[in-house]
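Keep the sequence and the 3D view open as you go.

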Amino acid sequence: MIELTRMELENFCPFFGRHDIDIGHSKNKLVIFDGGNGGGKTSLLKAIQWCLFGFYTHKAPKDKIEADFNLLNKEALCQSNMNAPMICRVTLTFEKNDGETPRQKIVFSRVMHTKRKKPIYTTTTGALHPQVDGFEFVKTEEGGHQDFSALHWVGSAQKTVERKAKDFRETYFPSLVNDYYIIYGEEFVDPRNPEKLRTAISKNCFAETFDKVKGNLEQLKMEILREHTRDKKRREALDELIGKSKDIAEKLKEYRDRRSTCETNIGEIREGISKLDRQIGRSGGAQVELLKDERAVVEEENKNITAEIKELEKDIAGTGFDILIKMLSQDARKDLATEIQKHVKKGDIPPKIKTEFINSLIEGGRCICKRPLSAKEKKILKQLRDENILGENYQEFLDMRFKLLDLNSRLPQEIQDYKSRLSEVDEKRRKLSSNTTRLAQISDELNSLKNVSEYEQQRTKFAKRLVDIETDQALLTTEISELENRQRTIQKEVSRIGQSGVKYAKSYADLDELIDLMDKVKQNTIDSARNDMEKFASETYKNLFKHVSEIDRIEIDSNYQTRVVFRKGNKEYIKSDFSTGESLIFAISFLTALRTYSGYTGPMFLDSPFSVLDEEHRVRVSLNIPDAIPGQLIIFTRPDTFEDMKEKLMKRINKILTLTKEKEWNNKISE
Amino acid sequence: MKARSESGKEPKVINIDKCYTDKIDEMKEKHKGDPNHYISRLELKQIYLFAIVLALKRGHKPKRSEKPSQLIRNEYLNSEDRLILRSLIFSSCDDMKILLPENAANLFDTAERLANAGMGEIIELLEDSEKIEKMILVESGKIPSK
């Protein structure tokens, strides 16, 4: 078993400067890299793949320069001087855990030397922007050492180390070069794709090796005949035939390779088409209509709410102001009411003598008996008049007092009503805001649905390419069968010419038998691989899928079509329509089965596998996969999908490392 | 002494200083297209009463109009407005006689001077509706619910 125990990164992807990640080793095989979107999860997987193999497969541009440029940390590039060397480095330390002490360490390192050759321009937002054509790739160095014996990729030891490194990679990391092994979140190869499954199984049971051996045996057979033919003319004829046969064998190899590439391409195109079909299906016309209907309803609702809010606000503004005036003047009203009350209580309002009469007395300065009024009498009369004035308006002031008191007593209720109307407006505003958000979502969804026509065009292109490739494949098959016929004719001819003088018929017959045997063994190996895969995949799938009691088995037929057989009571049924989550569980089961079958013991990497799984399946995958595979399981996951199951997994985890994006191009890794 | 029947002495229009009516007109013009602005939502009589309230609350000195200009017609004031106006004017002079019908002209004259005193601040407040809303909430908090 081999474990990744340490990673060192320098200016790689979003990791600016140097980062040392110490994973260490433990009996717990689960390592979690926990990071949000843009945290650098896929970049770390890319780092491992690039360090070991010199390339990466996830979203890699076809152009080599662009692919290299994508690996550079742009912050470091921006900070580097023009034409000054800058390095991007990944170093991986693995430890062999096969019971031996001390553990054997294997260190891989890859360094990309680059330099910037153009100034970095600043965008309108002020961001620094390095350009791909402003970067010069200088060289890549790769190296490694085992047991700290410092065998570098130079000098006499180079070949040895290269061979060891190749063996190491092929033994432990097939998952990083074969796409049927890699799971990138929702992007994974569905094992229900027969071409991919055929490739995966035949590669793992070395079916190609049997073909190669068989071809060699056939050549050997002819060589034996030639070797033992003494007649010069016959020997020359045989030479010519063997030469032809060699040419045909080469052509056959080339054609078969081309046909195999065609098969792979056909698989990929079919997969692309089915993905497009799913997208087109999801974005169907019915959905557009539903969204448009919903938009109309929400828009109408918004229109009404806006009008209601406007009306309420208008009313509220006026009422609010009225209330404010009433509130600020309520003391004045209270005072006036108290003052009136004082006069009312007094009860000293004199009999209703006309004010005009009292005035005439005061103005005339005489009483009704014509006697002049004394100053004291004048004063009393003036007071009487004044009080009498109020007395005349007595009823009016009394009413005023009641009205004042009434106005003041109504005020708290008016305030309460005003506040309720404010809350009503707030409520309506909230509704308006949520409706507006929904309208924006609908608009986005409708915009994305505009892609339907784009998808359709892409699909047409794919379909055309598929026809072309299938035509090529058919032509190649015809060519191959023709070449095989010619090869057989040549073999017969060789046998005819050679056999007359052959004394070695026994070895010749033995070879024929061996060739037949090769075919049989090849078929047996493939059948047995398929059976093993069925068995392993069924076991894992039963452990991972929560409706375990209903699963009976997984079947792979001779055309590599897979199906899950469910059982309910005595009845069996086959499920063919899988959700994305179910497909992922199915894919993980196959991936685990492939590893078990092939005996690889290197780490297994799962990049964000949980986003489409519910909590129960996330826990099932994390708990069961480490038991099902012999090696380390490294999962890159998002905090929201990991947090709720952290506790359940704690006992199985060796280390949790957190990836955070602090700034653009400056991510951090912490324990 | 004026008889009760002389209540017709009440002015037919309510005036304030022209500088303020001009400012109000200017503000109305400025926010013509904004139906949400307070100036578009309020009645002039509310502005008038509020100016008097503010002048009394803040203790601003009453100001005679240099050039009186019509703000509203007297008839726009309803009985409730009149009640509030009367309480406020009583509060300013603390003499109930000001409320007598024969003193109506005097009452409106006092009101005009008080309105002029508070108008500057209210125009400023109207430019910032948040302040008014805050004031409403603060003041309403002081009122007992029952």
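**Exercise 1.** What share of the contacts in chain A with a separation of 6 or more comes from residues 24 or more positions apart?

*Solution.* Start with the term: two residues are in contact if their C-beta atoms, placed from the backbone, lie within 7 Å. In chain A, residues 24 or more positions apart make up 75% of the contacts with a separation of 6 or more.

A note on the model: it is predicted, so local features need pLDDT of at least 70 and side-chain atom pairs pLDDT 80 or more, while totals for chains, interfaces and linings use all residues. Residues are numbered from 1 along each chain as its sequence is written, and chains are lettered from A and ligands numbered from 1 in the order in which they are written.

**Exercise 2.** Find the partner of A:E555 in β12(A).

*Solution.* Strands (E, at least two residues) and helices (H or I, at least four) are DSSP runs, numbered from the N terminus. Strands β11 (residues 551–556) and β12 (residues 562–568) of chain A run antiparallel, joined by five bridges; pairing takes at least two bridges found by DSSP. Within β12(A), A:R563 is the bridge partner of A:E555. Now look at the turn: five residues separate the two strands of this hairpin, and A:Y560 there has a positive phi of about 65 degrees.

**Exercise 3.** Which helix of chain B gives the most to the side that touches chain A?

*Solution.* First, 28 residues of chain B are in contact with 31 residues of chain A. Next, the helices supplying at least two residues each to this side of chain B include α3 (44–58) and α4 (79–93). Finally, α4(B) gives the most, with seven residues.
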